[in-house]
Amino acid sequence: MTDLSTSALVNGTDAGGTAELRPTGLVLDGREEALLCASLFYFRLPRETWEARLAQVRATGYRAIDVYLPWNFHETAPGAWDFTGRRDVGAFLDLAHEAGLAVIARPGPYICSEWDGGALPAWLGLDEDLRLRQAEPRFLEQVRGWFDRAMPLLAERQWGRGGAVAAVQLENELDFFDTADRHAYIGALRDMAREHGIEVPLIACAGQGDLNGATGGAEGVAPAFNFYPDDRSPFVEAEVRRYADLVAEQGLPLLVTETNRSHATLRRLLVSGATLIAPYLQASGYDFGYTPSVGNWGDPGGFMTHDYDFGGYLSPVGEARPETAEARVLTAFARTLGPALARARTTEAEGVQGVSVTTSASPSRLVLDGGGTVTGVPNLTEEPGTATVEVGDHFPVTFALAPRSCALVIQDLPLDRFGLEGTLKFASADLIGAGPEGLQFASRTSSRVALANGPGVTFVELDAPVPGAPVRVATSMNGIRIMVLHPEDVADPRGAKAEISAAPSEPEAVTAAVKLDLAARSGETTAHDLPPASEAVGVYRGRTHYATVLDGVDELLIEGAADIVDLALDGEALPSKVVYGATITVPTAGKTAFTATVETWGHCNFDDTRLPGLALGSLRGLGRVWAVAGREDVHALWTVDGGEQWAGDPAPVRSLGGWSSTRIGRPATYRRALPVDGIGHYAFHIEGLTVPVEVDVDGETRMVSPIDPWVHLAPGEGRQVAVTAPHWPGSGGGAELLRLAPVEGWQVEAQPDTAILGLAGHGAEGLAVELPLDLAPGEETWLDVAVPPGGRSLRFEGEQVRLSAFAHGELLGRVWLEDPHRPRFTGGDPGRLWIPAGWNSGTVRLLVRGTAGGAQPRLARVTAAAAPE
């Protein structure tokens with residue numbers, strides 16, 4: 001079957017070519033075609049797997065990849081840059097070019113990507129005058145340092161200069177963030193990119209559909225969009241068509257830079273006008289080291305897992321999932337229709353009727369350039385269905401719909417463009433090839449095809465193919481041959497067919513271990529009056545250990561600790577806390593030796609001011625520690641101001657939250673003076689809070705949430721306080737004022753990731769032990785565990801245990817076994833770590849910590865299953 005759209009890109013011979021944005025899309029070397037683009041991240045894969053993974057993506061027919069460049073992956077400490085080994089992004093881009101893939105490079109400076117801090121270096125938060133993601137000189141100076149190193153790598157590898165980089169994205173989903181002057185900020189990033197010789201198109205993506213919020217209207221930066229719909233939503237098409245119309249008014253294409261991975265949804269986007277479609281994370285990977293984020297997607301309870309996997313068509317270890325076959329079909333469909341599809345105009349479909357299953361509320365149709373249409377008919381259910389489409393003069397044709405699919409129904413397509421006579425009047429199967437040899441389709445169901453030559457129409461009904469057994473028929477119309485393949489038999493442009501990976505092998509149990517005579521810490525400390533932030537002592541990733549002696553303290557109040565806080569009093573471990581900067585109280589029961597180990601799981605990747613530790617740029621560590629010197633009940637004697645809701649003169653005096661239940665949802669303001677002395681620090685606590693409220697302290701408004709219902713009052717603050725909240729029965733409660741005194745005199749041990757890796761690499765004597773292994777709460781120990789050779793999926797079982805696994809001089813990742821105090825994990829399997837084949841020397845080293853929580857800390861079992869790479 002002839003593929004009339006084979007391009008030089010397949011062979012990577014694009015030297016002297018062009019990459020430009022036209023109304024038809026991202027056009028490479030003048031070729032107009034709808035492009036599919038897979039996310040593939042070098043920083044989440046071992047270098048030795050890069051080439052194979054790129055080849056796998058290319059074999060699905062995808063012609064492009066999008067690649068983030070994480071700033072803090074390359075600047076590992078202030079002024080310390082690394083572009084070697086796993087960080088050699090230039091080598092990765094060269095391999096992408098050799099594989100015949102175009103690249104959309106995304107250097108940020110902020111990338112999100114559920115990556116530590118969204119790739120913004122942690123030390124930026126130490127400069128109180130620096131404002132992240134703003135057109136502000138101090139931040140832009142830091143960004144320039146990053147762009148001075150990243151942009152030349154991209155410029156050298158641009159499309160048309162013998163490289164793969166066909167577009168560069170500035171920033172990421174800026175419309176989620178409160179940037180004061182978007183135009184100036186994006187304009188500054190644009191100017192830096194152009195100064196470094198970036199000539200390919202510049203784009204900026206909107207995360208929540210705010211076109212101007214993404215670009216600031218900066219000239220020369222095209223808007224793109226990230227759509228994450230519910231795959232079963234019937235309203236996808238209407239939303240996407242709206243954005244296609246908006247950008248068309250500017251002479252621009254609809255670029256979808258992130259979306260879901262299901263090809264049924266991708267088809268709906270295609271038929272609704274998108275000409276670049278980049279499903280996010282079609283090729284999964286790992287979060288090696290101390291790189292996962294916290295609080296991703298605005299969820300205050302989320303830790304990112306080691307395996308970074310949202311169900312894309314390639315698993316973290318490169319296993320091909322069933323969507324790889326769907327990828328080959330859709331990319332073949334786009335190649336076959338070529339420029340006619342890219343130049344198409346999208347409209348609401350007409351003539352779709354009698355759909356037996358849940359479908360789109362407003363299906364889309366593409367009017368193809370040169371004649372013909374493509375209509376998308378989704379089946380949003382798990383059951384097979386049927387649909388009827390009017391053909392010609394109200395002639396209805398009924399055809400099958402596969403479960404969770406979107407049929408791309410072709411009508412009235414002239415065949416002369418393929419060297420054939422007549423018209424493809426109707427086809428319910430996907431057209432994946434056409435030429436003098438005939439027409440080639442793909443389908444999982446029975447299908448119907450109609451050919452016309454003059455007034456005559458020939459209808460052909462074809463059975464559903466099965467893998468390895470295409471359905472063939474020679475029609476009576478000029479002898480045109482038709483073949484229908486099962487999607488698993490569809491080849492990529494180089495002839496490779498889908499090979500869906502087999503089920504993983506049975507895991508092997510690992511029961512033997514060696515308990516090492518190796519310290520978990522150096523024990524070297526420095527003295528501080530107050531506990532410093534982790535970043536202030538050089539811990540951007542890793543752990544910080546704090547110790548002090550309490551004198552006559554019955555209760556502590558801790559403000560701003562994050563992420564994992566392990567406390568102990570007189571050596572007795574307390575349950576772990578994951579607090580993200582929220583305020584907590586700790587009774588001391590008269591004990592005097594207070595220690596804390598604070599581990600950074602990651603800095604937040606998504607700005608969320610509901611908790612202090614989830615604000616972008618927030619710091620890590622123990623925060624501020626206070627002795628509670630007194631408590632006073634202040635829930636009563638608040639004057640109530642209901643605005644125009646009632647007379648209110650003189651103002652009623654009520655308890656905080658007391659209000660008429662007829663004014664449901666309407667705001668009321670409660671005011672009173674708090675008994676502060678103007679000298680000391682205080683904490684104002686609102687109990688029973690169920691909705692966010694505004695707290696005005698001496699004219700300064702602060703938002704207080706139910707997950708952190710505390711307000712710190714510095715000396716001189718709090719003489720007048722006003723609380724404004726919408727009334728809801730039961731939303732009020734008590735209120736307390738705590739008088740605070742700082743806890744001083746700290747010994748602090750900084751243990752950055754480099755120090756932990758150094759310990760993990762030490763040789764040590766050991767004692768053979770058998771699993772299960774019991775630990776005391778707070779106890780830490782090193783174990784060497786033997787694992788079978790090759791790539792392995794390691795699973796850990798037990799309870800009240802956190803562990804870190806090391807191999808090949810790297811931290812593979814961390815696991816937190818059953819514990820009522822652990823947070824929710826997202827992104828993958830929280831009990832599993834992968835060891836790549838090239839990193840497996842036969843031994844994995846574990847740093848295991850027992851946690852307090854009621855059960856006996858125990859590492860019960862380790863299993864290892866083969867993981868092909």
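1. In helix α3, the buried residues are V89, G90, A91, F92, L93, A96 and H97; buried means under 20% relative accessible area, exposed over 50%, and partly exposed in between (1.4 Å probe, protein chains only). That is 7 of the 10 residues of α3 (residues 89–98), so the helix is largely enclosed by the rest of the structure. Its buried residues are covered by elements including α1 (50–59), β4 (64–68), α2 (71–74), β7 (102–108), α4 (137–155) and β8 (165–170), where contact means heavy atoms within 4.5 Å. Just after α3, G100 has a positive phi of about 80°. Helices (H or I, at least four residues) and strands (E, at least two) are DSSP runs, numbered from the N terminus.

2. On the basis of the values: this is a predicted model, in which local features need pLDDT of at least 70 and side-chain atom pairs count only at pLDDT 80 or more, while totals for chains, interfaces and linings use all residues. Residues are numbered from 1 along each chain as its sequence is written, and side-chain values use heavy atoms, with hydrogens and water left out.

3. Helix α8 (residues 263–271) has 9 of its 9 residues buried, so α8 is largely enclosed by the rest of the structure. These residues are H263, A264, T265, L266, R267, R268, L269, L270 and V271. G273, which follows α8, has a positive phi near 120°.

4. S272 sits in the loop between α8 and β12 (274–279) and is buried, at 0% relative accessibility. Its side chain reaches the backbone oxygen of R268 at 2.7 Å. Such a polar contact is a pair of N or O atoms within 3.5 Å; within protein, one must be able to donate a hydrogen and the other to accept it, and residues adjacent in sequence count only if both atoms are side-chain atoms. Apart from neighbours within four places in sequence, S272 is in contact with E237, V240, R241, A244, T346 and S364.

5. P234 lies in the loop between β10 (221–226) and α7 (236–248) and is partly exposed, at 22% relative accessibility. The C-alpha atoms of P234 and T358 are 7.8 Å apart, although 124 residues separate the two along the chain.

6. Which cysteine sulfur is closest to that of C37? It belongs to C205, at 12 Å, too far for a bond. The whole structure has 0 disulfides, a disulfide being a pair of cysteine sulfur atoms within 2.5 Å. C37 is buried at 0% relative accessibility, and C406 is buried with a relative accessible area of 2%.

7. The structure holds 51 salt bridges, each a side-chain nitrogen of Lys or Arg within 4 Å of a carboxyl oxygen of Asp or Glu. One of them joins the side chains of R138 and D127 (2.7 Å, N to O). R138 is in helix α4 and D127 in the loop between β7 and α4, 11 residues apart. R138 is partly exposed, with a relative accessible area of 40%, and D127 is partly exposed at 23%.

8. A salt bridge also joins the side chains of R802 and E599 (3.8 Å, N to O). R802 lies in strand β55 (residues 801–807) and E599 in strand β39, so the pair ties together parts that are 203 residues apart in sequence. R802 is buried at 7% relative accessibility, and E599 is buried at 9%. R543, D566, E599, E780, R802, R814 and R849 are linked in a network of salt bridges.

9. T597 is found in strand β39 (residues 593–599) and is buried at 8% relative accessibility. Its side chain makes a polar contact of 2.9 Å with that of H545. Leaving out neighbours within four places in sequence, the contacts of T597 include R543, D566 and R849.

10. V457 is in strand β27 (residues 456–462) and is partly exposed, with a relative accessible area of 41%.
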